[in-house]
Amino acid sequence: MDIATPAARARGSIVPWLFPAGLGLVVAVNMVMLWFALTTFPGVATRNAYEEGRAYNRVIARDAGIAELGWRTTVRVVDSGGAVEAVYVGRDGAPVAALTPRAVFTRPVGERASLEVALSETEPGVYRAAVALPLRGVWAVRLTAGAHEAVARVMAP
């Protein structure tokens with residue numbers, strides 16, 4: 001007569017669990033990346049991207065008209081970040097006077113901020129405005145003076 005003894009239970013291997021664990025890790029990392037993608041910069045630099053894209057030929061024509069003027073514009077932050085200064089020089093190297101430029105400061109990354117100031121002429125061809133940029137870092141500056149438009153980047157201390 002045979003006596004039935006309970007079979008010794010074999011210890012399970014960890015190998016079958018590696019595949020679901022690896023898949024779970026991939027899903028978790030993708031979820032974190034998705035969260036970062038949805039909560040950071042949206043990728044849209046303008047509110048009317050579609051309309052601006054359709055009117056691109058007008059932008060090219062405007063830029064060609066600006067290039068014909070031959071103006072050169074230099075923008076810098078002065079007085080330890082307390083003021084912005086723009087220098088307009090004509091094609092012949094003479095200062096361009098009697099303009100009423102406006103500067104629009106925007107943050108290209110990070111916290112979205114925007115600031116618009118009017119510049120006044122301090123000497124021929126040199127325009128200045130007091131500005132207190134609320135955040136440190138790189139700011140994009142768009143200057144407009146009549147039909148002339150210049151884009152620059154400045155660093156706020």
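A residue is called buried when its relative accessible area is under 20%, exposed when that area is over 50%, and partly exposed in between, with a 1.4 Å probe and protein chains only. The model is predicted, so local features need pLDDT of at least 70 and side-chain atom pairs count only at pLDDT 80 or more, whereas totals for chains, interfaces and linings use all residues. Residues are numbered from 1 along each chain as its sequence is written, and side-chain values use heavy atoms, with hydrogens and water left out.

The largest one holds 19 residues, of which Tyr88, Ala103, Phe105, Val117, Leu119 and Leu143 touch the most other members. Two or more residues each are given to this core by β2 (83-89), β3 (102-106), β6 (126-130) and β7 (137-145); the largest share, four residues, comes from β7. Helices (H or I, at least four residues) and strands (E, at least two) are DSSP runs numbered from the N terminus. Apart from its neighbours within four places in sequence, Val117 is in contact with Arg102, Ala103, Phe105, Ala129, Ala130 and Val131, where contact means heavy atoms within 4.5 Å.

Tyr88 leads from the core to the aromatic rings. Rings of Phe, Tyr and Trp (its six-membered ring) pair if their centres lie within 6.5 Å; planes under 30 degrees apart count as stacked, over 60 as edge-to-face and the rest as tilted. This rule gives three aromatic pairs. One of them joins Trp71 and Tyr88 edge-to-face, at 6.1 Å centre to centre and 80 degrees between the planes. This pair links distant parts of the chain, with Trp71 in the loop between α3 (56-69) and β1 (72-78) and Tyr88 in strand β2, 17 residues apart. Trp71 is partly exposed at 23% relative accessible area, while Tyr88, at 0% relative accessibility, counts as buried. The rings of Tyr88 and Tyr127 also form an edge-to-face pair, because their centres are 5.6 Å apart and their planes stand at 85 degrees. Here strand β2 supplies Tyr88 and strand β6 supplies Tyr127, 39 residues apart. Tyr127 is likewise buried at 0% relative accessibility. Trp71, Tyr88 and Tyr127 form one aromatic cluster.

The charged side chains come next. A salt bridge is a side-chain nitrogen of Lys or Arg within 4 Å of a carboxyl oxygen of Asp or Glu, and the whole structure has three. Glu85, buried at 7% relative accessibility, meets Arg76 at 2.3 Å, N to O, and Arg128 at 2.9 Å, N to O. The latter pair links Arg128 in strand β6 with Glu85 in strand β2, 43 residues apart. Both arginines are partly exposed: Arg76 has a relative accessible area of 43% and Arg128 one of 28%. The remaining bridge joins Arg102 and Glu116 at 2.8 Å, N to O. Arg102 lies in strand β3 and Glu116 in strand β4 (residues 114-118), so this pair ties together parts that are 14 residues apart in sequence. Salt bridges that share partners join Arg76, Glu85 and Arg128 into one network.

Helix α1 (residues 15-39) contains Val27, which is partly exposed at 44% relative accessibility.

Definitions and conventions:
Core = buried A, V, L, I, M, F, W, Y, C linked by side-chain atoms within 4.5 Å.
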